[in-house]
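Here is a short briefing on one protein chain.

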Amino acid sequence: MLRNWQTILLSIALAVFTWFLVTGREVVETWVDMPVVMTNPPEGLIIEDGLVDKIQVRLRGPKGLVGNLPSQNLVYPVNVSNLKVGEQVVDIDPDKIPLSSTYEIIEVKPNRLRLTVDRRISKKIAVEAAWTGNLNSDYRLQEVTVSPDVVVVRGPETMLRKISKTRVVLKGDFPEDVPRSWAEDVAVEVPDEIEAQPGQVGVEAFFEPKTREIWVKVPIEFQAPEGFKANVQQRYVRLLIEGPVFLFHDDEYRKSIIATVAFGEKAAEGEFEFDYDVTLPEGCRLEKKNPETVTAVIKKN
């Protein structure tokens, strides 16, 4: 029994050794992805274009070792300490690929990097605000405010030279009821390569009703001074008023317009010209009266 166990163990050891000899000596060729790491980046500069996140290395090596390469987390370092502003070419040096001489490097893609380097700066730019959406036709946009109206942007100098302001757009639909104002925080619109601080600004849109002028004819009202009776010659006056368009869709607003003769505290007999007061619906303004005064005859009771 003991002799059989020894035979089995010996057979297993020979099998493992044979497998190692076969796979270890078998040479294979394959492509391996290798991340690129930029080292010693120069202060104040930024690689705007041409940077890759990995290179591909075509290599040959023992099958057993090649199979373990993914687990080694190999990276290709690119020393960018000498970069200057402008376009520059950086060769991918096979000698810097972290592989031992066991491997034969056949090809590298890409074999060079064409980098565009720019200076990273910051500046202040103005923020312009706008509103877009559906609005009840009886209303109009009065103004749009933004706070703060200046932001600091940071990014490639070449891009920032072309930017003197940015724009934010507040969106909202008000086809029926229209608020006096509508406010939200809106992200500052800048290219992806640029950072804005703050990244959001407060935008508020103010709305107001459209107005128009209209002539209305209203009866004159009066109350004779105590102890007197009065006879006003004009029964009606005409008023030019300016008010919200929505108010004039029907005639209900006329019920709120009142023209009242102002006799004053001191009364006397005779014929006089009197001013009259006008009461208007909310949101309306008196532009003109016709006539400006009315004629009344005052007599004692």
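Buried means under 20% relative accessible area, exposed means over 50%, and partly exposed lies in between (1.4 Å probe, protein chains only). By that scale R119 is partly exposed, at 39% relative accessibility. This is a predicted model, where local features need pLDDT of at least 70, side-chain atom pairs count only at pLDDT 80 or more, and totals for chains, interfaces and linings use all residues. Residues are numbered from 1 along each chain as its sequence is written, and side-chain values use heavy atoms, with hydrogens and water left out.

**Overall form**

- The chain holds 3 helices and 21 strands. Helices (H or I, at least four residues) and strands (E, at least two) are DSSP runs, numbered from the N terminus.
- The radius of gyration of the chain is 44 Å, whereas a compact globule of 301 residues would have one near 19 Å. The radius is taken over C-alpha atoms, and the globule rule is 2.2 Å times the number of residues to the power 0.38.
- Along the principal axes, the C-alpha atoms fill a box of roughly 145 × 60 × 25 Å.
- Of the contacts between residues at least 6 apart in sequence, 73% join residues at least 24 apart. A contact means heavy atoms within 4.5 Å.

**Surface and charge**

- Buried residues account for 30% of the 301 residues.
- The chain carries 37 positive and 46 negative side chains. Lys and Arg count as positive, Asp and Glu as negative; His and the chain ends are not counted.

**Salt bridges**

- The structure has 18 salt bridges. Each is a side-chain nitrogen of Lys or Arg within 4 Å of a carboxyl oxygen of Asp or Glu.
- R114 and E87 form one, at 3.6 Å from N to O. R114 is in strand β7 (residues 112-132) and E87 in strand β5 (residues 86-91), so the pair ties together parts 27 residues apart in sequence. R114 is partly exposed at 48%, while E87 is exposed at 54%.
- E157 pairs with R119, with the closest N and O atoms 3.0 Å apart. E157 sits in helix α3 (residues 157-160) and R119 in strand β7, 38 residues apart. E157 is buried, with a relative accessible area of 16%.
- E128 and K165 meet at 3.3 Å, N to O. E128 lies in strand β7 and K165 in strand β10 (residues 165-171), so this bridge ties together parts 37 residues apart in sequence. E128 is partly exposed at 37%, and K165 is partly exposed at 47%.
- Salt bridges with shared partners join E29, R58, R60, E104 and E107 into one network.

Notes. The place of a charge is taken as NZ of Lys, CZ of Arg, CG of Asp or CD of Glu.
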